[in-house]
Protein chains: 2
Amino acid sequence: MSRQFLAEGGNLPFSGGDYTIVGVVAVVALAALVIGYVLLKEVLAAGQGTAKMQDIAKAVQEGAAAYLKRQRNTLAIFGVVVFLLLFILPADDWKEKIGRSIFFLVGAGFSFAIGYLGMWLATQANLRVAAASREEGGREKAMRVAFRTGGVVGMITVGLGLFGAALVVLVYTGQAPKVLEGFGFGAALIAMFMRVGGGIFTKAADVGADLVGKVEQGIPEDDPRNAATIADNVGDNVGDCAGMAADLFESYAVMLVAALILGSTAFGVHGLLFPLIVPAIGVITAVIGVYITKARAGEGGLVTINRSFYISAVISAVLSAIAAFVYLPSSFSDFGGDFAKNSGNPAVIATVAVIIGIVLAAIILKLTGYYTGTEYKPVKDVGKTSETGPATVILSGISVGFESAVYTALVIGAAVFGAYLLGGGVALFAVALAGTGLLTTVGVIVAMDTFGPVSDNAQGIAEMSGDVDEKAAQILTELDAVGNTTKAITKGIAIATAVLAATALFGSYSDAITKALSGMGTGVVTGLDAAKSFINEVVSPNTLVGVIIGAAVVFLFSGLAVNAVSRAAGAVVFEVRRQFRDIPGIMEGTTRPEYGKVVDIVTRDSLRELTTPGLLAVFAPIAVGFGLGTGALAGYLAGAIACGTLMAIFLANSGGAWDNAKKLVEDGNHGGKGSPGHEATIIGDTVGDPFKDTAGPAINPLIKVMNLVSVLIAPAVVQFSIGPDENAAVRIIISLVAVAVIVAAIVVSKRRGTVISDTPAEIKA
Amino acid sequence: MSRQFLAEGGNLPFSGGDYTIVGVVAVVALAALVIGYVLLKEVLAAGQGTAKMQDIAKAVQEGAAAYLKRQRNTLAIFGVVVFLLLFILPADDWKEKIGRSIFFLVGAGFSFAIGYLGMWLATQANLRVAAASREEGGREKAMRVAFRTGGVVGMITVGLGLFGAALVVLVYTGQAPKVLEGFGFGAALIAMFMRVGGGIFTKAADVGADLVGKVEQGIPEDDPRNAATIADNVGDNVGDCAGMAADLFESYAVMLVAALILGSTAFGVHGLLFPLIVPAIGVITAVIGVYITKARAGEGGLVTINRSFYISAVISAVLSAIAAFVYLPSSFSDFGGDFAKNSGNPAVIATVAVIIGIVLAAIILKLTGYYTGTEYKPVKDVGKTSETGPATVILSGISVGFESAVYTALVIGAAVFGAYLLGGGVALFAVALAGTGLLTTVGVIVAMDTFGPVSDNAQGIAEMSGDVDEKAAQILTELDAVGNTTKAITKGIAIATAVLAATALFGSYSDAITKALSGMGTGVVTGLDAAKSFINEVVSPNTLVGVIIGAAVVFLFSGLAVNAVSRAAGAVVFEVRRQFRDIPGIMEGTTRPEYGKVVDIVTRDSLRELTTPGLLAVFAPIAVGFGLGTGALAGYLAGAIACGTLMAIFLANSGGAWDNAKKLVEDGNHGGKGSPGHEATIIGDTVGDPFKDTAGPAINPLIKVMNLVSVLIAPAVVQFSIGPDENAAVRIIISLVAVAVIVAAIVVSKRRGTVISDTPAEIKA
């Protein structure tokens, strides 16, 4: 695998034709935004149901907006600090430094905006889906509104992601890679915070509401007498919609960034532009996918969605192949210069790599559907174990999670290996291109994912208003079960982009190291010496220690997220209990509980709780890199990627399986509603809640944040690793400061207690 | 880090003095066996209680012996196959090949013998501990018998381990390393099978007995009317005693093997002999540790045990330091030849490294005690969450497991890093020496561990016989709770030896690769080329794929083990139900259930179930190594070690915490026995059972087996990676065959069903 390194200062020659191509891509991106707007109009035009339904929806909208506004203020502080810190890190010149910092803000802003939009739109759509279910042909209409809502978010996600990347390339041309690092980092950092914060919010409200409502008071889910119901519905919107939309935007942006960085080193200008062309094709096929999704009578919702996915995937593959053969030359020798050294046919390599990515998405779709869908063996088995009690439900769900994680991880590994084998001299770029293949499916995937929480919330609004009849309720329940599976699928695809992007960034990390080493003016390390010292760095117990720390951070992050949910849920429990006790008439339904209080409590707690896992993600690679060196940092990334992939899928799929096993029992199997079997699956579902909606999905942006931090600090780490002793001292001080930040954050959050009954005194009182 | 590689053909010069030292070590090892015999006599001389108690104990003894005999026959086939396969793998000459295969059998035989002895002795001791609890001063007497029983197993473990290694060194001198690989591999392979098989046996019987007895029929644990009670008690002996003893012997042997291999490359003959001297010191201090363990009135059992540990640890440290300064020269230049190039003071390096290992053991002891002991915050917190139901018990236990895994892994990582920093030119050997430091504590650790199942079983015998009064029962319950923590501690220490041994073997894997590369007669790869190709191998997406597969295998192995327990437990459930239905008078206590039938069923099932995880462990590294190459195999090992460490500790400690949270509730907290809180912690404990006693502890030998397989196949992988195209074909065929074996094994076990209610038809009928 011989890789050329990008020469200093962006000397890739950009021709007029190249500018035209980027311009066309930018126009396609803007067109996606326009189509999103058209879809939006359609969603908003749908009927809004009864006044009672609108009342409830309004309360949810207000709560969600209030949360996101406060979150924006919190994140703004982080954003400004990182914006300034980025200036400290080495870059080729000031133009690059300024661009990196500015586009960091752009990425962060886009990420937040998409999250906000996703949430706002979902709160509008919930109501309309619930309303549609009451009409004639309700099932088809409800599905259509839910899926079109997803279409809006999908269009905006790919539109803004592609537009941002195209803009960077237009402005910075050859220097684009470093600026793109900033763009991707901004997107990933904000997405991680939104995933963690939203995940804590949604599950704290959910678990808290269930513990007092279902368990203590014996009232049903979404009962308006429960003070936490509105918070629960707000949570679905800020967690599943805002967090998810930001997360998928981030996946899109970072994958694109990785492809552009590696493309330019592999194929020159062609390599920089081709990864823009493929997602532009994805925009076109996503539009087709969204418009062809029509429910047929007597067909499961998942079948409808899958059909759209497969059709648009095939179109993407065909168009990408045409683009490759038209745009790329058939031999590397046509590239001239250093690029001519590579062997193989660039057009063939690119086509097959893109198809690998598309096929990977399809396999993950199938695998996840199999492991979390109510109609297949795994979930049926979990349902069956409900007859022998909660312990066997937990164990069988964990087994399903482990097993599906293994097979999904192996499939992702096989895709990386396939791209690698194919790539020859440009192996890493082939991996990145497989990633862009995955990206062509993101539009449809976002649409599928948004479907889940929108259906879930529509059900909530229907239940709370009491204005929906039996038949309509049945429609919404079915859509909700489909939503559980589509949510799990999205998480699988998101983690696949994480692995592909991380593998590609892993390569750009090595490049950064090598470049920094060879660029050292000291003359200490050159040629064979560099190779030797590199071997010694990489094959040392230190690297293994790095791998262990990387895996440990994934476990720690997951544990922190689960604990945060427990603590915040405890606060909800105490507040709901207080309202039942202090406000007369709630139980009789004559007085309205104070919904806003619970929303406030969860808002405050989840914003407080997101800090510790967030600081861990940013500072752990800094501690390892400066403390243990480049080899250990490479090991750290590898450990985090591998363990993170498995953990993320395990958490998502075991949670999905438990949720749907519960639905199976509620559909009348194994004793039905109210039976001991139902009780057992409710316990499984409660365990699965923070798994699948808090810890699991946050691991995807976590991996990206850690990877980008590593790429950004790599040159500085090398700079301080070589040279005078003062450098070593600085290096160790930086590392110790990073460790201190992490330890302080953990100690502070520990002080708040570790379990559900450790609630702050002011709430207990 | 410059490492010298062992020259071909064993030309390390052995002087008469060297032979004397090895001889003395061998004598110390034999002395340990004699002391073990003396302790054994003391245990057997203790009182045996009532006739009814003896009856029950006899049934358990017979069941356990029958299981181990059948297991021996199964494993013998495996042993012979591997014995022959080892001849195919490259070695320097036939002497080495024959020695490697023969000592493979010796290691396997020792491992099995210790397991058998541990089991046999435990079945004798259970009865005597139960009997002692009835006497005057029962608590002290019972503790003494239990701990002396552990002493016997400890002495035999260290005695046979040290004797085996010394014998290899005496016979093979400079060629010892390759032969030791065989010895260690035999020990690890058999230990893994015994851990897995015993783990499935014990938990299938336990879970099955509980589901029918406690849950369905409402009769207490260990009630003689339950047909699975004897099987449950047999399980404690074949799992916790036989499996654990074999596992610790394997940890001891493999760590020693790693130290000897690396010692000879770092320090020459001195490096080969010093790692024998340190564990010989450990034998002496273990004797002291066992003899000074005396329970003081009013002192918790854990305090007594910890005191013995700390005293013997300090003695070990002091004696090891003296040995280092007396035996090792103060400068590397005294070694002459290649060794003179290393810098630093060998005696200081060795002393500090050994102390790092001893301190590591002490910290793990503290950490594990904190996270799983009933008197500290984590278990109390898990107990507290029982008030909000089973779901919160599960979540808080998982958090405790995650958190303790992270901190334990970081401490182990810090020890590796400390030894690495210290080691300078002999970093890997310093890591291995830290491992021998850990080994000096193994004697006491084994004694502590055996304490657990012996107390547990004594309680079972007391309960079933009904011949033990309230006070005696109280004593046995307390000892059982202490046993839960000591068991978790042992697992922590065992996994620490796994990481240290694996790190060291990781190095010897690189050596094997480098040696094989430089020894290639083709002249294709030399010097700078070798370095370049090595970099390309290591820093490629392939390596990352290897890391992902390594982590995935850990998840798969854990999932398979949990599933195996579910299936086997299902068979128990059906058999016990059948007996209740078909045999009149069982419930009234007038007819004895057919205990033997259940023992037979569990025996058959667990032997059948151990095959799939066993084959996975052996064939996965073969598939990765031959299929993806040396870089990916290195990544694979790193992924498996990192993820395995965290997973093993997570499973062990969350299981331990749940078990002790249940004990807390049973002691009258949070509602006490029979309360909903008790119910919630019973569910937690049932989930934890296969975690802590099946999947978790088997990961330790799993890591070693995979590591040794990799070291053994490394030269063959390199041989087939370079050269003509036919080699590539052979390589791929070998890999595909390995994959096929794994897939076939998984498919076969899947056919048997995946959940507790999927029981073979012949049993259902």
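A residue is termed buried when its relative accessible area is under 20%, exposed when the value is over 50%, and partly exposed in between, as computed with a 1.4 Å probe on the protein chains only. The structure is a predicted model, in which local features need pLDDT of at least 70 and side-chain atom pairs count only at pLDDT 80 or more, whereas totals for chains, interfaces and linings use all residues. Residues are numbered from 1 along each chain as its sequence is written, chains are lettered from A and ligands numbered from 1 in the order in which they are written, and side-chain values use heavy atoms, with hydrogens and water left out.

Chain A is superposed on chain B by a rotation of 180° with 0.0 Å of shift along the axis, at an RMSD of 0.0 Å, where copies are fitted by least squares on the C-alpha atoms of residues with pLDDT of at least 70 in both. This is the relation of a two-fold axis. In the contact between the chains (heavy atoms within 4.5 Å), chain A and chain B take part with 75 residues each. Because 100% of the interface residues of chain A are also interface residues in chain B, the copies meet through the same surface. The buried area, that is, the accessible area (1.4 Å probe) that two parts lose on being put together, summed over both, is about 6900 Å² between chain A and chain B, and carbon and sulfur atoms give 80% of this area.

Two salt bridges are counted between chain A and chain B, a salt bridge being a side-chain nitrogen of Lys or Arg within 4 Å of a carboxyl oxygen of Asp or Glu. In one salt bridge, Glu403(A) is joined to Lys750(B), with 2.7 Å between the closest N and O atoms. Helix α11 of chain A (residues 390-423) supplies 18 residues, the largest share of the side of chain A that touches chain B; helices here are DSSP runs of H or I with at least four residues, strands are runs of E with at least two, and both are numbered from the N terminus.

Over all chains, the count comes to 56 salt bridges. Arg195(A) and Asp247(A) form a salt bridge at 2.9 Å, N to O. Since Arg195(A) lies in helix α5 (residues 176-217) and Asp247(A) in helix α6 (residues 229-267) of chain A, the pair ties together parts that are 52 residues apart in sequence. Arg195(A) is buried at 7% relative accessibility, and Asp247(A) is buried at 2%.

A further salt bridge connects Asp659(A) and Lys692(A), whose closest N and O atoms are 3.5 Å apart. With Asp659(A) in helix α19 and Lys692(A) in helix α20 of chain A, this pair ties together parts that are 33 residues apart in sequence. The relative accessible area is 8% for Asp659(A), which is buried, and 3% for Lys692(A), which is likewise buried. Asp659(A) and Lys692(A) belong to a network of salt bridges that also links Lys203(A), Asp206(A), Lys491(A), Asp689(A) and Asp693(A).

The loop between α19 (630-666) and α20 (676-721) of chain A contains His670(A), a residue other than glycine whose phi is positive, near 50°. His670(A) is partly exposed at 25% relative accessibility. In chain B, His670(B) lies in the loop between α19 (630-666) and α20 (676-721), and has a positive phi of about 50° although it is not a glycine.
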